[in-house]
Structure formats: C-alpha cells, structure tokens
Amino acid sequence: MTKKKTMNFTKYIKWFWGIVLGGLFSLCFVFLLASWGLFGTLPTFEELENPENNLATEIISSDGKTIGKYAHENRTPVHYKDLPQNLVKALVATEDERFYEHSGIDFRGTARAVLKPGSGGASTITQQLAKMLFTKRASKNIVLRVVQKMKEWVVAVKLERQYTKNEILAMYLNKYDFLNQAVGIRSAARIYFGKEPNQLDLHESAMLVGMLKNSSLFNPLRREKRVFNRRNVVLKQMFRNDYISEKQKDSLQVLELGLNYTPESHSDGLATYFREYTRSFLKGWVKNNPKPSGELYDIYRDGLKIYVTIDSRMQKYAEEAMTEHMSNLQKYFFEEQKRNRTAPFYDIDKSEIRKILVRAKKNSDRYKKMKAAGKSDKEIEKAFQTKTDMRVFTWKGDRDTVMSPYDSIRYYKHFLRSGLASIEPQTGHIKAWVGGINNKHFKYDAVKQQKRQVGSTFKPFVYATAINQLKRSPCDKLPNTPYTIPKEKYGMQDDWTPRNVGEKYGGELTLKEALAGSVNVITARLIDDVSPVNVARLAKSAGVETEFKANPSIALGAIDLTLLEMTSAYSTFANKGMRVSPMFITQIEDKNGTVLETFVPETKEVLSEESAYVILNLMEGVTQSGSGLRLRTYYPRPKFVTGYPYKFSNAIAGKTGTTQNHTDGWFMGMVPNLMTGVWTGGEDRSIHFAGIAKGQGAAMSLPTWAIFMRKCYEDKTLNISKEPFEKPENLSINIDCEKHEEESKKNKDGDQKEEQKEEDDF
C-alpha cells in the first residue's frame, strides 16, 4: 500500500496574504504620501472653501427672470434646494449608487473595477468633482495617472469632510460642462429645455444626467439618437434602484427628448442690444468700484448680479411686435426695389453710392481682419470682389448662399432698420429696449447709439412751451397761412418760410387741429411767439441731451436725436411735468448677495402739471382725428399696415413724425403709465420708400407700437393703464373747444352789443 504525500499550502497562503497586505500597505502608503503633498501641491482649506470658478454675471429683469449673462463660462450656480429630486435621484442611480454610504471613495466599486475590467467606472461623484475642481486632464502615462488618482482620492476625502452630501451634489452639477455654452445645471436646463432646474420633468433630468458620462459623445444637438438611448439607460438605472416604477420607466422611455434649444450667446435671447449697452456701462462701473482689496471686479467670472428695469414680458412682446411688422414691411420694400435702378438708394448718383459701399467695407469685420493681417489694399479689394460661401440674414432664417462681400454689403443695405424704447414715466424705468431687427447681423443700436432727424415728433415741445409760457389753449385759433420769420430776428442767413405738406392753406385752425394735422405754418408762428431758445431750453430740461442750435427750424424737427432721448423727454408729459431720468439698472450685487450699489434716478420739475395735461390733451387729438387715427377706427387699410385693425378705445396721446423724403418714420405714443417710442428707416438716409404712403411714420413705426401695446394689454399681469390721463384740479386752461367756441361767440356778440350801445348813446 502506497502512502499518500501530504501537500503543504502554508507557504502559498503566506505568499497570498503577503501580496494582498503588501498591496494594501503600498496603496495606503502612496495615499499617505499623496496626502502629504509629495506628488504635488494639494488644495488648501481656503481653496476647498472657495474652489476657483468662472461664475457668469447675471442680468436679472424686474420680474425676476435672467435675461442674459456675461461669461467666459456660462455658469450660474444653484443651491441644492433648487434642484428637483428627480434630477438628484437620476444622478445617484446612474453615477454613484452608494453615494450616501461611502466617504468619498467606493472601495467596493474600486475592487470590482480592478477584478472585473469593463464592469463600470470606480470614480464616485465626489472623486469626479475633485477631478473637475483640482486636477488637470487625465494623463496617458500609467504611473502619472495612478498619482493623479491618489490625489483625487485625497481631495475627495477632504471634500466629504468639508461639505455635506447635498452640497457635493450641487457643486458637481454646477461645475459640469454640458456643451453649447451650457456650463452647470442651470445653464443646461435653460439652454436645452428653456426651463429653470426646478422645472425639469423626470425624462428631461434623465437626459442631462446621461450627458454626464461624456457630453461630447452625448451631445443632443448632434447625436440625438445616441442621447435618446443614453437617457433610457438612466431611466433603467432609476428603476433598478427603486426610484421609479417599471410602468413609469416604460412610459418615459418612449418619449421624445423634447428639446427646446434656447442659446444664450451674446447675440441670442432677449434684449441683446440692451445687454450690450449694459456690458459697456459695467466695464466703466468696475473701474470706479473696486473690491475692498483694490482688485477690480471681472464681469465675466465674478458672478455679479445686475438687477435691471427691463420687464422680460414686455421685452418679449416688443421684440415680437418688431419682428411681425418689420418682416411684413420688408416684403413691400423689396418689391419696390425691383423697379429701382440704384436699389436700395434714391436721390444720389453712382459716385455717392460708391462712397457708401466703400465706407461700409472699411467698417466690416472682414476688412479689419485683413488689414490686421497685413494685406494690401489691392488684395483686400480683390477679396471683396470675389464670390465666396457665406450665410446671410433673411426674415425666414439665416440662409447659405454664394456672393461677393461687396454684394453682401449691398444686400444688407436693403433691410430697413427699426428701434423701440419703452419707459415707465413715473419711475424712469426702461421696460423694453429693442435696438434693431437682429443683433447678430445688425449691431448698430437704434435706441442709444443712433441719432436721426426727429421731424414732427419735436412739435409737441413747441406747443408745450407756448402752453406753459403763454397759457395757450388747445382751442385757440391761428391762421393757416404761410408765415415768414425774417433772417435778422434769430441770426439766420436767410428768411425762413416753411410750407405745409401738400401746400394746403386757408382759414383758421385750433391748436389741437394743427397738431393733429401736423400743420407746419402754425408751428412756425408758435415758435416765433415763444422764441426757439425757450423751446430748446424746455426740450433739454425734459431729457434731450444732444447739443443743438436753437434756431426756428427746430420747430419742424430739423435736428438729430436718439430714440431714448425722445422717449424719455416725452415721458415728462405723462408724469405731470416732472422729469425722471431714465434708469436701466436698479441694483448691483456680488456673488454672495452683498449690495454693491443701488441706483436712484434724478427728478426735477420741467413744466406745470396743468401745462403737461394740456399738451397730453393736444396729443390725444393726434389719435382721435390726426395721423394716429388708425389706432382707433376701422376701414380698409393697405396690407403693409401690419396687424390692422387695432381698435384701441382708451386714452392715447401720441405724435407721428416723417422726415424729408420719408427717410425716417417715427411714432411716439403714451398711456398714463407707459411711454413708448418707435423709429424706422434705412441704414443710410438715401434708403427709403419712394412715396409717403409707405414711408410715413404712421405706416413704418405706428404698427410696431400698436402690436406691442396690444400684446401688453392682453397680459393682465402687466397692469398697463387704460384709464384717462389724470386731470389736474382747478384747470384754468380751457380744453373744451365746443364750450370755448360758444364762450367766444358770446363774448363776440357781447362786444358787438356793447359797441352798438355806445354808438346809440353817442
């Protein structure tokens, strides 16, 4: 019988445990070395408290909506309490199932990843946050990658000691780059779904969590099908972790992504022209308001909060109104230009057209870049004459085409431009600011940058001066006959004899009829009665900042002013003669909510309450029987009068304005608590409609005003007044022209009887 040899496993067991324990000891030792900073500096306590972030400066509207940001990274952090639970559950279920159990490192997950490659990543949410905050891109060198991983572990443990689990989740979601200028969960929710994070539906949260694996790989704008499948994996994980039922999972997995892409670049979103003006203001503000340390605030990364006066609802309605009218009006302008040999220019020769195009060339980005690159004039000219691929603006969306840069300049000259400004007279708050038809393609701001001739919209300042200075009544009559102011009187080079439009004269007109009909000769008589200097003084006191010569021609608006100046000055009439300087920012805060500055408008009395009310009464006549009558009545109108009929029945004071050759069309209209001005015209003064029917202010600008106001009235949350203008007590100036006519007749009859009695007595 053979004796079996007994196997001795003792040494193998010793070797096994030696390797395991040695490995663990080595791992702990490396971890300890990393924590001592041997492999590179680790973040300090202060850095953990304040991890370096690029925080976007937010522009917050008067109704609490973020309407824009200034940022290198479009990041605006949110607190955990503002995150929906469906988002939190989706994140934990997908990225770190044992998040609430570990202390920064998931050793079970790590062991699984080592022993079973391909079974899933071992990094916890805290480790991923540590990597985003304090380590650079993963190294391809295996040794360096192990060192990086050790540092991530150390930082993750520190983060877990320093912050609560909820704070870590919020920090992670606030830090992640979701692409397409969506850095952080708030930007991602707004850009991909047009929502705040707490408004996200479960399937929307699942899509965003799915992007966390690799936002480039799962970009919903480029790989929708792949993102759809990834979202469903997240929903499956939520079911697996008992966050949702199988029925919920199945019903949600069949839904489309439901994207509502809302880009937040500087040229997209609401109030783009206003945001650009605010940015230029802030660049000056930071220089005069440094931090306590003396360092200047950076509007692109310090997370300031700029509270502005713009109302997001009114801004939206203003932009919609402009788009609706200008896209319609442009069709008729294009149609007219087919018959114009020098389109889109009128009244100038080829040499002048050439000068305009060359000036536009030199102002273009293409020219400036080529000049900066050292290109010769000959090379630049050749480039501008050569056809190339480009994407151009149309009212139906941007279009790819082939044309030379010179052709594109002329193409863009065909587009009519417009601006709208709306102010609350009692506070001076600017509620809407539309500087143009499209900020991406037309940068020039028609509200603040541009100055254009104001035409008849300046006449109310002449009438207001006469009312305030001479106590003129709207019922006073003046002869509708040619009137000459001699050159000697105001130092003019020639006599000044303005003419009425259409050369219509004869009889007498009341001041109310004269303003409603925009009668030039009566305005000339009035400015001669009160003097141009007094008219200029009142206009400047009301809000006109541009310097101009006080000569008689200002009566007909022969001066260039900004739309904001005009809108602000008109607001004085609606505010009982009190001037409130226009405001666009109410408060600036730092990222911690500390108030850095509060803004208060300047106020002053410009004219008496009585005079202000009487001029409003005069301007109501414009919408009752003058060029603004179409706001109220209904009769067949041409289709270029967009949105007609309007059928307003409430008190509206207004004034249209049309400059020479129909170059500029204005409408200034107000109700008791809102003053809105609109300008429309070509980029150059030689670009205009051929006739006054389409070129007048009542056709070019009034429709935008009417559509905007109709939308405002339909929104009952805005409380735009439909009440009459408040009448002062003890009004001494008569505004009842029928009563005035009867009293004048009685006085005349009385005078005649008195004269007859004197003759009889004699």
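Guide: Let us begin with a proline: Pro645 lies in the loop between H24 and strand E16 (653-658). Please bear in mind throughout that this is a predicted model.

Visitor: What kind of peptide bond joins Tyr644 and Pro645?

Guide: The general idea is that most residues other than glycine have a negative phi, and most peptide bonds are trans. The bond that joins Tyr644 and Pro645 is cis, with omega at about 5 degrees. A cis bond also joins Ala343 and Pro344, where omega is about 0 degrees. Pro344 is placed in the loop between H13 and helix H14 (350-363).

Visitor: How many helices and strands does the protein have, and what share of its residues counts as buried?

Guide: The protein has 28 helices and 18 strands. Of its 762 residues, 51% count as buried. As for contacts with a separation of 6 or more, 69% of them are between residues 24 or more positions apart.

Visitor: How should I read the nonpolar interior?

Guide: In soluble globular proteins, nonpolar side chains tend to be buried together. Here the largest nonpolar core has 144 residues, and those with the most contacts inside it are Phe458, Phe461, Phe573, Met670 and Phe708. A second, separate core has 49 residues, including Val78, Tyr172, Ile191 and Ala206.

Visitor: Which residues is Met670 in contact with, leaving aside its neighbours within four places in sequence?

Guide: With those neighbours left aside, the contacts of Met670 include Tyr570, Phe573, Ala574, Leu616 and Met619. Also among them are Ala651, Ile652, Ala653, Met675, Trp705 and Phe725.

Visitor: How does one describe the packing of two helices?

Guide: Two packed helices are described by the angle between their axes and the distance between the axes. Helix H23 (residues 563-574) packs with helix H24 (residues 609-625) at an angle of about 110 degrees, and their axes are 7 Å apart. H23 and H24 are therefore roughly perpendicular to each other. On the H23 side the contact is made by Tyr570, Phe573 and Ala574, and on the H24 side by Ala612, Ile615, Leu616 and Met619. By class, this contact has seven nonpolar residues, no polar and no charged ones.

Visitor: What classes of residue make up the contact of H3 with H10?

Guide: First the geometry: helix H3 (residues 85-95) and helix H10 (residues 224-240) pack at about 90 degrees, with axes 8 Å apart. H3 and H10 are therefore roughly perpendicular to each other. Asn86, Lys89, Ala90, Ala93, Thr94 and Glu95 of H3 meet Arg230, Val234, Gln237 and Met238 of H10. By class, the contact of H3 with H10 has four nonpolar, three polar and three charged residues.

Visitor: Which cysteines form a disulfide, and which parts does the pair tie together?

Guide: The structure holds one disulfide. Cys475 and Cys737 form it, with their sulfur atoms 2.3 Å apart. The link is left-handed, with -90 degrees about the S-S bond. Cys475 lies in the loop between helix H18 (459-470) and strand E9 (477-479), and Cys737 in helix H28 (residues 737-761), so the pair ties together parts 262 residues apart in sequence. Cys475 counts as buried at 4% relative accessibility, whereas Cys737, at 24%, counts as partly exposed.

Visitor: Finally, is Asp311 buried or exposed?

Guide: Asp311 is buried, with a relative accessible area of 4%. Asp311 is found in the loop between strand E3 (305-308) and helix H13 (312-337). Leaving aside neighbours within four places in sequence, Asp311 is in contact with Ser62, Asp63, Lys431 and Leu718. For Ser553, in the loop between helix H22 (532-542) and strand E11 (560-561), the relative accessibility is 22%, which counts as partly exposed.

How values were computed. Residues are numbered from 1 along each chain as its sequence is written. This is a predicted model: local features need pLDDT of at least 70, side-chain atom pairs count only at pLDDT 80 or more; totals for chains, interfaces and linings use all residues. Side-chain values use heavy atoms; hydrogens and water are left out. A nonpolar core is a set of buried Ala, Val, Leu, Ile, Met, Phe, Trp, Tyr and Cys residues joined through side-chain atoms within 4.5 Å. Buried means under 20% relative accessible area, exposed over 50%, partly exposed in between (1.4 Å probe, protein chains only). Contact means heavy atoms within 4.5 Å. Axes are lines fitted to C-alpha atoms, for helices over the stretch in contact, and angles run from 0 to 180 degrees between N-to-C directions. Helices (H or I, at least four residues) and strands (E, at least two) are DSSP runs, numbered from the N terminus. Angles under 35 degrees count as roughly parallel, over 145 as roughly antiparallel, 65 to 115 as roughly perpendicular and the rest as oblique. Ala, Val, Leu, Ile, Met, Phe, Trp, Tyr, Cys and Pro count as nonpolar, Asp, Glu, Lys and Arg as charged, and the others, Gly among them, as polar. A disulfide is a pair of cysteine sulfur atoms within 2.5 Å.
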